[in-house]
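Biologist: Please put the model up, and let us go through some of its local features one at a time.

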Amino acid sequence: MNILFFLTPKVDVGYVHSSDTVGEAAEKMLKYRFTTVPVINEITGRYEGTLANDDLLRELYNNPSMTLKEAGSKPLKSITRRRDYGAVKADADIEDLLDSVTIQNFVPVIDDTGAFIGIITRRDVMRYLRNHMIKED
């Protein structure tokens, strides 16, 4: 099975650019109601990692004298991310996808150049598996 069957394309994904500020990233995360979003290089389009809301909270906690205005204008690149989700290439095997989706809420998908093309969510994979299990019974 081609994993692109599950792909939510980049245009339909909430993501942030590595050149964004913390404030811009927080706004996008609130808009899409995501607790974790892909970080994309605005110039190259390459997937750079994953930003979680607890990364932002940790930054505020570790800098108690920083005002919200200061935090909002801080470059996203300066934030330490706790964990980056592993990406899979668009031509990956379904087994590779399943390995990743069991430990991540979504799996970033990249092309041969490392450019971000979208995500595959755990929910979509689970729905597909559930529907196929029901049909087999």
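Modeller: Threonine 121 is a place to begin; it sits in strand 7 (residues 116–121). Helices (H or I, at least four residues) and strands (E, at least two) are DSSP runs, numbered from the N terminus. This is a predicted model, in which local features need pLDDT of at least 70 and side-chain atom pairs count only at pLDDT 80 or more, while totals for chains, interfaces and linings use all residues. Residues are numbered from 1 along each chain as its sequence is written, and side-chain values use heavy atoms, with hydrogens and water left out.

Biologist: Is threonine 121 buried or exposed?

Modeller: Buried means under 20% relative accessible area, exposed over 50%, and partly exposed in between (1.4 Å probe, protein chains only). Threonine 121 has a relative accessible area of 19%, so the class is buried.

Biologist: Which residues is threonine 121 in contact with, leaving aside its neighbours within four places in sequence?

Modeller: Contact means heavy atoms within 4.5 Å. With those neighbours set aside, the contacts of threonine 121 are Val101, Asn105 and Phe106.

Biologist: Which residues of helix 4 are buried, and where do they lie around the axis?

Modeller: In helix 4 (residues 94–101), the buried residues are Ile94, Leu97, Ser100 and Val101. The arc is taken from the directions from the helix axis to the C-beta atoms. Seen down the axis of helix 4, the buried residues line one face, because they fall within an arc of 125 degrees.

Biologist: How many salt bridges does the structure hold?

Modeller: Side chains of opposite charge can pair when their charged atoms come close. The criterion for a salt bridge is a side-chain nitrogen of Lys or Arg within 4 Å of a carboxyl oxygen of Asp or Glu. The number in this structure is six.

Biologist: What parts does the salt bridge between arginine 82 and aspartate 54 tie together?

Modeller: The two side chains meet at 3.2 Å, N to O. Arginine 82 lies in the loop between helix 3 (68–73) and strand 5 (88–89), and aspartate 54 in helix 2 (residues 53–62), so the pair ties together parts that are 28 residues apart in sequence. Arginine 82 is exposed at 56%, whereas aspartate 54 is partly exposed at 25%. The network of salt bridges that includes both links Asp54, Asp55, Arg58 and Arg82.

Biologist: In what order do the three strands of the open sheet come, and which are the edge strands?

Modeller: Two strands pair if DSSP finds at least two bridges between them. The order is 2-3-4, with mixed pairing. Each edge strand pairs on one side only, and these are strand 2 (16–17) and strand 4 (47–52).

Biologist: What is the bridge partner of proline 38 in strand 4?

Modeller: Strand 3 (residues 36–40) and strand 4 run antiparallel and are joined by five bridges. The partner of proline 38 in strand 4 is threonine 50.

Biologist: What is the phi of arginine 33, and where is that residue found?

Modeller: Arginine 33 is found in the loop between helix 1 (22–32) and strand 3. Arginine 33 is exposed, with a relative accessible area of 77%. Although not a glycine, arginine 33 has a positive phi of about 60 degrees.
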